[in-house]
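Trainee: I would like to go through this model and ask what stands behind each label.
Mentor: Go ahead, one label at a time.

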Amino acid sequence: MVNLVIGFDLLYISIDAFNTLRQSYIHELESWGVKVIYIDEFHLCLGETYRHDTSWQGLRNVKALNTKIVIVTATTNVTATKMIAAYVGIQENIITIGGASSYTVPNVAFTIRDSSNA
């Protein structure tokens, strides 16, 4: 295969594309020397089980790529966080930043008015 990806600092791809890389192009992925993998909205893997075979399975034991992994989600509890860490293979080496007990709900209000000019 011809290496079409040369000299990049950041690669932003969908979970589906990442799964394809892991399943079909693992040697190319490993040759890129990825230093950090950021996974945003990871809590979706718990709710989108219908996409597991085509998407989320690509993250199973992603630790095997020997890179730093940053999982970003704001909507999991302690149990879900442990499950996610185990899924990607980092259950022994996880640092949680923030949480429900330290999160302050913003003081935001919406006023709804009926208007005849609408």
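Trainee: Which residue forms a salt bridge with K63, and how far apart are the closest N and O atoms?
Mentor: The partner is E92, with the closest N and O atoms 4.0 Å apart. Keep in mind that this is a predicted model, and the distance is computed from it.

Trainee: What makes that pair a salt bridge?
Mentor: The label requires a side-chain nitrogen of Lys or Arg within 4 Å of a carboxyl oxygen of Asp or Glu. E92 and K63 are listed as such a pair, at 4.0 Å. In general, side chains of opposite charge can pair when their charged atoms come close.

Trainee: How many salt bridges does a search of the whole structure find?
Mentor: One. That pair links distant parts of the chain: E92 lies in the segment after helix 4, and K63 in the loop between helix 3 (44-47) and strand 2 (68-72), 29 residues apart.

Trainee: Why is E92 called exposed?
Mentor: Exposed means over 50% relative accessible area. E92 has 62%, so E92 is exposed.

Trainee: And why does K63 count as partly exposed?
Mentor: The middle class runs between 20% and 50%. K63 has 40% relative accessibility and therefore counts as partly exposed.

Trainee: What does I84 touch, leaving out residues up to four places away in sequence?
Mentor: I84 touches F42, L46, I71 and T76. As for T54, which is 30 residues away along the chain, its C-alpha atom is separated from that of I84 by 18 Å.

Trainee: What makes a group of residues a nonpolar core, and how many residues does the largest one have?
Mentor: The members must be buried, come from a set of residue types such as Val, Leu and Phe, and be joined through side-chain atoms within 4.5 Å. The largest core has 18 residues, and F18, F42, L59, V62 and V88 have the most contacts inside it. Helix 1 (15-24), strand 1 (36-40) and helix 4 (78-88) each supply at least two residues of this core. The largest share, four residues, comes from helix 4.

Trainee: Which residues does F18 touch, again leaving out those up to four places away in sequence?
Mentor: I13, L29, I37, G58, L59, V62 and L65.

Trainee: How much space lies in the largest pocket, and what lines it?
Mentor: About 990 Å³. The lining has 28 residues, with I71, I94, I95, T96 and I97 nearest the centre. By class, 14 are nonpolar, 11 polar and three charged.

Trainee: What is the volume of the second largest pocket, and how does its lining divide by class?
Mentor: The volume is about 780 Å³. The lining divides into 18 nonpolar, two polar and four charged residues. Strand 1 gives the largest share of that lining, five residues.

Notes: Residues are numbered from 1 along each chain as its sequence is written. This is a predicted model: local features need pLDDT of at least 70, side-chain atom pairs count only at pLDDT 80 or more; totals for chains, interfaces and linings use all residues. Side-chain values use heavy atoms; hydrogens and water are left out. Buried means under 20% relative accessible area, exposed over 50%, partly exposed in between (1.4 Å probe, protein chains only). Contact means heavy atoms within 4.5 Å. On a 1 Å grid over the protein atoms alone, a cavity is a set of points where a 1.4 Å probe fits but cannot get out, and a pocket is an open set with protein on both sides within 12 Å along at least five of seven lines; lining residues have an atom within 4 Å of a point. Grid points are joined across faces, edges and corners, and a volume is the space filled by probe spheres set on the points. Ala, Val, Leu, Ile, Met, Phe, Trp, Tyr, Cys and Pro count as nonpolar, Asp, Glu, Lys and Arg as charged, and the others, Gly among them, as polar.
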